[in-house]
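Subject: Structure for your review

Dear colleague,

Please find the structure below, handed over for your own work. My findings follow after it.

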Amino acid sequence: MTVKNIYRKAGITAVAALLASTLWGFSDDLFQISKNLDVFASVYKEVNLNYVDDINSAKMVKTGVDAMLNGLDPYTEFVPESEIEDYKLHYVSTQYGGIGTSIFSRNGKVYVSEAFEGFPAQKADIRAGDQIVKINEIELTSRNSDQVSLLLKGSKGAGVKLLVKRGDAPAFEKSLIREEIKQPNVSYYGMVDGNMGYIKLDKFLENSADEVTTALVNIKKNNPNGIILDLRSNGGGILQEAVKIVNLFVQRDVEVVSQKGKIKEKNFTYRTVTAPLEGNLPLVVLVNGRSASASEIVAGALQDLDRAVIIGQRSYGKGLVQQTFSLPYSSLVKITIAKYFIPSGRCVQALDYAHRKDDGSVVKMADSSLHEFKTRAGRSVYDGSGVYPDLMVKQERFADITQTLVSKYYMFDYANLYRNSHPKINPAKTFTLTDVDYADFVKYLSGKNYSYSTASEKMLTALKTEAAKDKQFAELQPELEALKNKLASTKKNDLQAHKTEIKQILENEISSRYYFEKGRYEANFKYDKELAKAVTVLQDKPQLASILKGDGTYKVIGKPQLTLAASKPEVDTDDN
C-alpha cells in the first residue's frame, strides 16, 4: 500500500468516525427529547386522571410551559390561543374596535382615565374622571379593568350604550358607535424652542417608520434648525422599523444592525436601502433607562455612525432578538433567536441570562468583561451596558409628597374639578397655574389624607428599632423624639417647598383635560430638562461638532458603571 493510499484510508476512516459520532450525538439528542416529552405527557395524563380535585388542564399546561421558559430569558414566552389578540395589540399592531378611552378601577368603580382626541368617546364629551356605571345595561360592579375593556371593545360600526356619572350630577346615558381605534406610534410632533423639530416616538410597531417620515416631512416645512427624536420610555418593537428610521438620517448602503444566533440561516445584516430624507440637519436622540431594544438600535446606530448626539440616561440594555413561531391550535411561542450588534460591533445586552446564579437570579455583565469599540469618528463606546449617552442629564426623583398626591388621585381629581369649572384655558404651551389656583389646590387638600413617610422618617424608624434591640432606646429617646418632631414640622411645609414640581403635574393633568395627549406634552415642555439640553446643544455648533468628532474638547463618553436592576422594561419587545 502506498503512503498516499494509507492517508486516503485514514481520511475515510476519520470521516466515517466523525459522521458516526455526529449521528450518535444527533440520535442521543432525539432520544432525550422523546424521553422528556414522554415523561411530561405521562405526568400530565396521570394528574388529570387521578388528582383528587378537578383541575384546569389548559392552565396546568401553560404553567408548565411557562416554568420551562422562565429559565431562559423574560422575552421567550408561550402565547396560548386565548391571549393571541392581546399579544397582537401590544406587540404587532395598535388597531382595535372601540370608543377610544383608557380606564382604571378605583374602590370597586370604573373611571375614564383618558379620552383620546378624535374618537367616539371624546366626540360624545366623555371626559377623564367620568365613572362608567353600565355598558349595554351590564352593571360594572366588581368587574376589573380588563373585563370592562373587553365590554367596550367590539366590531367597528357596532353600537354601545354607556351609563355615565360625572361628579355629583345625576347619571346620564351616551350611545356611541365603535370605530377602528389606532393608537399612533408617534404620539406627538411639532416645533419647540429654537425652531427645533421634535418627534416623540412611543413604540416600534407596524408603520412606525412611516409615521416618523410623515412627522419629519411636516417639520421640514418649518425650516428647522435641528431635529430632536425622543425615544424615552420606548420599549422597542419591530427591528425592521428601527432600520427604516435610521435610514431617514443616514446615507444609502450603510450597515445599521446585524443579528447573530445559533442558526446561521437566521443571521442577517440590515443596511439602509434608500437616500436619507434628512441627512444633514443636526440631530439629537433622547433616551432613558426605559428605552430598550429597537430604541437602542436607533440610538446606538446613530451614535456609532456619529450622526446624532445622545442625551439623557443610560438605556435599558436589551440586545436580544425574538421571532415568533406558530404552534398547534392557534397558539404561538416567541423565542430569543439571536443577539444584535450595532455598527461599531457592540452588543448592548446588559443582563447575562446564560450564566444565572445558583438561585436563578440574573447577573449584570461585569465591568471587567466590557469591551471598547470605536464609532466611525473614533470615539470610544462600550458593549454590555445599554447605550451610554454622550451627555448625561440626571433623572430627578419626584418628592414623596408629589408621588403621594399622584398615587391617591388628588391631582387627577382636582384636574377634573378644574375642567368642570373653567370652560377654557390658555394653550397648553403657555398655560400656568397662578398662585391663586395653587392656593385653591392646597385648600382642596384640607381634610384629605395624604400622609406619607419620607426617607428620613423611615431611617429614623429603623434607628429606633435598632436602639430598642441594643436597649439604648431610653437613653436616646429624647433626641429621637426631637428629631421626629423636627421632621414633622418640615413636612408641613412640603406643599410649598415642592410647589414647582406639584404645579408641573397639575398643569400636565389640567392641560390634558382640554388638549388631550398633545396638551400633556406641550404643558411639560417648559419643565423638560433633557429637552432643554437638546435645544442648547443643537444651538451650540462648536459643542455639537466637538462631540461628534470626539476631538477631546468635550469629554462626554466614558466607560459606564453598571447599576441596572434585573427587571424588564414596561413594554416587552418583539424584535423580528
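Residues are numbered from 1 along each chain as its sequence is written, and side-chain values use heavy atoms, with hydrogens and water left out.

The average pLDDT (the predictor's confidence in each residue, from 0 to 100) is 86 for the chain, and 84% of the residues score at least 70. Residues 2–20 stay under 50, and the model gives them 2 contacts (heavy atoms within 4.5 Å) beyond four places in sequence. The pLDDT is also below 50 over residues 553–576, yet this stretch has 88 contacts beyond near neighbours in sequence. Where pLDDT is low, the predicted coordinates should not be read in detail.

A nonpolar core is a set of buried Ala, Val, Leu, Ile, Met, Phe, Trp, Tyr and Cys residues joined through side-chain atoms within 4.5 Å; buried means under 20% relative accessible area, exposed over 50% and partly exposed in between, with a 1.4 Å probe and protein chains only. The largest core has 45 residues, of which Ile245, Val285, Val298 and Leu302 touch the most other members. Helix α8 (residues 294–304) supplies the largest share of this core, 6 residues. Helices (H or I, at least four residues) and strands (E, at least two) are DSSP runs, numbered from the N terminus. A second, separate core of 22 residues includes Met411, Ile425, Phe431 and Leu495.

Strand β18 gives the largest share of the lining, 5 residues.

In helix α17 (residues 541–549), the buried residues include Gln543, Leu544 and Ile547. Their cover includes β16 (309–312), β23 (391–392) and α16 (529–539). Just after α17, Gly550 takes a positive phi of about 65 degrees.

Gln122 lies in helix α4 (residues 120–123) and is partly exposed, with a relative accessible area of 21%. Its C-alpha atom is separated by 9.5 Å from that of Phe516, 394 residues apart along the chain.

Yours sincerely

Conventions:
Predicted model: local features only at pLDDT ≥ 70, side-chain atom pairs only at ≥ 80, totals over all residues.
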